[in-house]
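Subject: A structure for you to explore

Hi there,

Here is the structure I promised to pass on to you. Have it open while you read, and I will walk you through what turned up.

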Amino acid sequence: MDWQQEGMKDPPVVQSLLQQETSFVPSLAKSSQFVAPGDDILSQESVVRGHGTMVQGSRLISTVAGLVERVNKLVAVLPIRARYSAEVGDVVVGRIRDVVSRKWKVDVNARQDAVLLLSAVNLPGGVQRRRTYEDELKMREFFDQDDLISAEVQELKQDGLIMLHTRSLKYGKLENGVFIAVTPQLVKRSKKHFHHLVCGVDIILGNNGYIWIYINESTSNSQEMKELSFPEKQENAKSSLNQKLSVIRVRNAIHILNSYFLSIQPETIMYIYEETIQREIPVRNMLRSDVMYEIYKTVTNTKEV
Amino acid sequence: MPREELISPDGLRTDGRRPLEVRKITCRIGILPRADGSCHLEMGNTVVLATVYGPRELSSRQPFSGIIRCEYSMATFASTDRRRRGKKSDRTSVEIASSIKKTFESVLLTDLFPHSRVDVYIQVLQADGGERSAAINAVTIAMVNAGIPMKDLIISCSSGYMENTTVMDLNNVETLVRGPQLTLAIYAHSGKVALAHWESKAAFEIFEHLIAVAKEGCLQILDVIHSNIEKYSLRLIASRDSISRK
């Protein structure tokens, strides 16, 4: 708990550094068409219009800036940076923003707060049963304001409201770890979002760009399966200093990937992680802008400007 | 009272431009990592920082389509004007904020983010004429940066009439003359007028001329802004996949 940390105080230097990198000429993007809002999308007759497009008169235009994606007849434009737009089945990490009657409001970096119903969580005891009035009163004991949780998108309502559920042992309250927020577009949808990295650190790559980094006690020293949804408050004395340092190294590696807009996957995280270990960069120096730039140049093979 | 010459015999303006020439535009996109979209735009010596947050949760669930909130402020060091100004109570700031809000309400697809709001904060860091235009252009870019769906880009430019000449993109000296002045914002692709703000009366003969000149200025600015957005976006796309082991 005492080493929980948020991505709030990112140095703005980092982004401006990205700005200066103008000589880096993109070449691979040429294969598909780039459009800005209002630009015409080159297309044949009878296409199915997807996200990021709209029809104005006889023209098919884009509403966001990005590359045109075509799948058979479906034409869509994916924005390069945007808020998280949910899909059913996504794994997300969220922060409880409010507890209201029979539901939690969860911040998931989307256009509006997601909703986690009391009836969509696994209650302690694990037995399926009706939610009583007592459960309703005890909601703050399950998840209180500012708690972090992992959950899955259960349903999308007509108006875009996201309904979550935590009805699996995988999901639930997150404790004793580090949180970092990144651009959601950098996290690709994949089969797996709970990863165990080679360095012994576990990460939850939320589709919404919220990432949780922790040491999974049950995988490191396989104990009896506890009630994962509502674990007893663990003492973090269990994890050693080295474990904590590697957690933070992973966190900083993700931060580097995010500041240079590099894809965030277990492989890329480990690449940065190993690179910093090879160069013997101590964790505390990883976020110095010159160090970050050096690492960035190495991992992307960008030549000196 | 001796009047300064605004247009030299050679036909050059006080800052060395020709009448139909816009100032140099530089923009830096996405400079604030914690904002959804941001843009630092310089039009000559006018510098504006626009920040966009959202779409994000709106506390009341009343409106079905999203709403926009806009705040405009001028830094105390932005101009040589020594008037003491309150941050929000300033009448011109409120007026500019509400006109920008209305302009963007017409172009954002607000029904795609119901029950949410978009917050726009505009700060003028240096005022050298055309703050309203610069603010609109900066907000457009910041909106694109935030990935908020919109029908079209909105581009703005000013024009004015002085010494029998119509000039484009006024600077502060030219603004202070208080001649007929127009700030025009157009939809980039359709060319329709999104906002027209007149300063003092204009004779009927020059009315259309002012509009045509401002429009021409908008198109010049559009070129710069569009290519900036494209450059920025393509760099990010290329960057995303550039990480790989040798």
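Two residues are in contact if their C-beta atoms, placed from the backbone, lie within 7 Å. Please keep in mind that this is a predicted model.

**Where the chains meet**

By that rule, the contact takes 41 residues from chain B and 40 residues from chain A. Which elements give two or more residues to the side of chain B that touches chain A? They are β3 (46-57), α2 (131-145) and α4 (204-240) of chain B. The most comes from α4(B), with eleven residues. Sorted by kind, the residues on this side of chain B are 19 nonpolar, ten polar and twelve charged.

In strand β3 of chain B you will find Pro55(B), and the peptide bond leading from Gly54(B) to Pro55(B) is cis, with omega near 0 degrees. Helix α2(B) has 15 residues and reaches 21 Å from its first C-alpha to its last, close to the 21 Å expected at 1.5 Å a residue. This helix is mostly covered, with 15 of its 15 residues buried. After α2(B) comes Gly147(B), with a positive phi near 70 degrees.

**A sheet in chain B**

Next, find the open sheet of five strands in chain B, which has the order β1-β2-β3-β5-β4 and mixed pairing. β1 (25-29) and β4 (67-74) of chain B stand at the edges with a single partner strand each, so one side of each has no neighbour in the sheet. From one strand to the next, the twist averages 15 degrees. As an example, Ile68(B) has Val118(B) as its bridge partner in β5(B).

**Strands and a helix in chain A**

In chain A, strands β8 (residues 103-107) and β9 (residues 114-121) pair in the antiparallel sense over four bridges. Lys103(A) has its bridge partner, Leu117(A), in β9(A). β8(A) and β9(A) form a hairpin with six residues between them, and Asn109(A) in the turn has a positive phi of about 65 degrees. β9(A) is also joined by three bridges to strand β11 (residues 162-166) of chain A, this time running parallel. There, Leu116(A) has Leu164(A) as its bridge partner.

Now turn to helix α7 (residues 289-300) of chain A. Its twelve residues should span 16 Å at 1.5 Å a residue, and its end C-alpha atoms are 16 Å apart, which agrees. Which residues of α7(A) are buried? Met292(A), Ile295(A), Tyr296(A) and Val299(A) are. Seen down the axis of α7(A), the buried residues fall within an arc of 105 degrees, so they line one face of the helix. Asn301(A) follows α7(A) and has a positive phi, near 55 degrees.

Most residues other than glycine have a negative phi. Here are two with a positive one. Asn176(A), with a phi of about 55 degrees, sits in the loop between β12 (172-174) and β13 (177-181) of chain A. Arg178(B), with a phi near 60 degrees, lies in the loop between α3 (172-176) and β8 (181-187) of chain B. Is each buried or exposed? Asn176(A) counts as buried because it has 20 C-beta neighbours inside 10 Å. Arg178(B) is exposed, with 11 other C-beta atoms within 10 Å.

Enjoy looking around!

Best wishes

Technical notes. Residues are numbered from 1 along each chain as its sequence is written. Chains are lettered from A and ligands numbered from 1 in the order in which they are written. This is a predicted model: local features need pLDDT of at least 70, side-chain atom pairs count only at pLDDT 80 or more; totals for chains, interfaces and linings use all residues. Two strands pair if DSSP finds at least two bridges between them. Axes are lines fitted to C-alpha atoms, for helices over the stretch in contact, and angles run from 0 to 180 degrees between N-to-C directions. The expected span of a helix is 1.5 Å times one less than its number of residues. A residue is buried if 20 or more other C-beta atoms lie within 10 Å of its own, exposed if 12 or fewer, and partly exposed in between; C-beta atoms are placed from the backbone. The arc is that of the directions from the helix axis to the C-beta atoms. Ala, Val, Leu, Ile, Met, Phe, Trp, Tyr, Cys and Pro count as nonpolar, Asp, Glu, Lys and Arg as charged, and the others, Gly among them, as polar.
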